[in-house]
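Hi,

Here is the structure I promised to pass on to you. Have a look at it first, and then read on for my notes.

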Amino acid sequence: MVIPCDSSLPYDMTEVIRAVIDDRQLFQIMPDYAPNIIVGFARCAGRTVGIVANQPLVASGCLDIDASVKAARFVRFCDSFNIPLLTFVDVPGFLPGTSQEYGGIIRHGAKLLYAFAEATVPKITIITRKAYGGAYDVMSSKHLRGDSNYAWPTAEVAVMGAKPAVNIIFRKSQDINAEEAKYKELFANPFPAASKGFVDDIIPPSSTRRRVCQDLEILAAKKVSSPWKKHGNIPL
């Protein structure tokens, strides 16, 4: 099993990606720059796709300034050349710290959000584990016009992790561990998000490749019409 049962343990997202794509062949772009985000090209059932994925082995997969800009540029490139986007999500949030704040993490993070929102190519998203807060929204969520958004049973779609959430909500509780266990049972799973339509389906990992290939075939003729000679103002 690639993904550990303990959600605090890291794993190599490239192994997850290689299990879905053709011949396990992933051509990464700039693998040594901002390694907490993976971008590259692969094929699914012979169709070229652009891969965007968080890498839990580096900074727990958090998005920072460099990762946001790297991924945003790649998404814009794929949209320019009509290459479908396949996104794998395991993101606990944006990287905290004064250096990120002073560097403009909100402005740079908005570049990735804008890139995904404006992209008109087929967009398929797989949530493998953590999908927390604004970083989840940025990673090709349903809110950004995603075409197919799937979650594995190990996914957690929430504002934040169970432990910090419980420490805030039940800070006066006498039994914080019991409250945390109850919170995890209710919210540390993909079902609340699925019930609200934020996730199209909860799928077993073994069916991921089949679903992705089917969706790519269905979405091959996707067309999105925009107002003539109109465009937004990307946060540069």
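**Around Pro153**

Let me begin in a loop: Pro153 sits in the one between β6 and β7 (156-158). Please keep in mind that this is a predicted model. Which residues does Pro153 touch, if those up to four places away in sequence are not counted? They are Pro190, Ile202, Ile203, Pro204 and Pro205.

**The chain as a whole**

Stepping back, the protein chain is made up of nine helices and eight strands. Its radius of gyration is 18 Å, close to the 18 Å that the globule rule gives for 236 residues, so the chain is as compact as a globular protein of that length. Along the principal axes, the C-alpha atoms fill a box of roughly 60 × 40 × 35 Å.

If you like to think in contacts, take those in the protein chain with a separation of 6 or more: 73% of them are between residues 24 or more positions apart. Of the 236 residues, 47% count as buried. The accessible surface comes to about 12100 Å², and carbon and sulfur atoms account for 57% of that.

Setting aside neighbours within four places in sequence, Leu112 is in contact with Leu63, Ser68, Ala71, Ala72, Val75, Val138 and Met139.

**Two positive phi angles**

Ala34 has a phi near 50°, a positive value in a residue other than glycine. Ala34 belongs to the loop between β1 (27-28) and β2 (37-44). Is Ala34 buried or exposed? With a relative accessible area of 9%, Ala34 is buried, as the cut-off is under 20%.

Ser140 is not a glycine either, and its phi is positive at about 50°. This residue is in the loop between α5 (133-138) and β6 (148-151). At 1% relative accessibility, Ser140 counts as buried.

**Gly146**

The loop between α5 and β6 also holds Gly146. At 10% relative accessibility, Gly146 counts as buried. Beyond its neighbours within four places in sequence, Gly146 is in contact with Lys123 and Ser141. How far is Gly146 from Leu85 in space, C-alpha to C-alpha? The two are 9.8 Å apart, with a sequence separation of 61 residues.

Happy browsing, and do write back with any questions.

Best wishes

How values were computed:
Residues numbered from 1 in each chain as written. Predicted model: local features only at pLDDT ≥ 70, side-chain atom pairs only at ≥ 80, totals over all residues. Heavy atoms only, no water. Helix = DSSP H or I, 4+ residues; strand = E, 2+ residues; numbered from the N terminus. Rg over C-alpha atoms; globule rule 2.2 N^0.38 Å. Buried < 20%, exposed > 50% of the residue type's maximum accessible area, 1.4 Å probe, protein only. Contact = heavy atoms within 4.5 Å. Areas by Shrake-Rupley, 256 points an atom, 1.4 Å probe, with all protein chains shown as cover.
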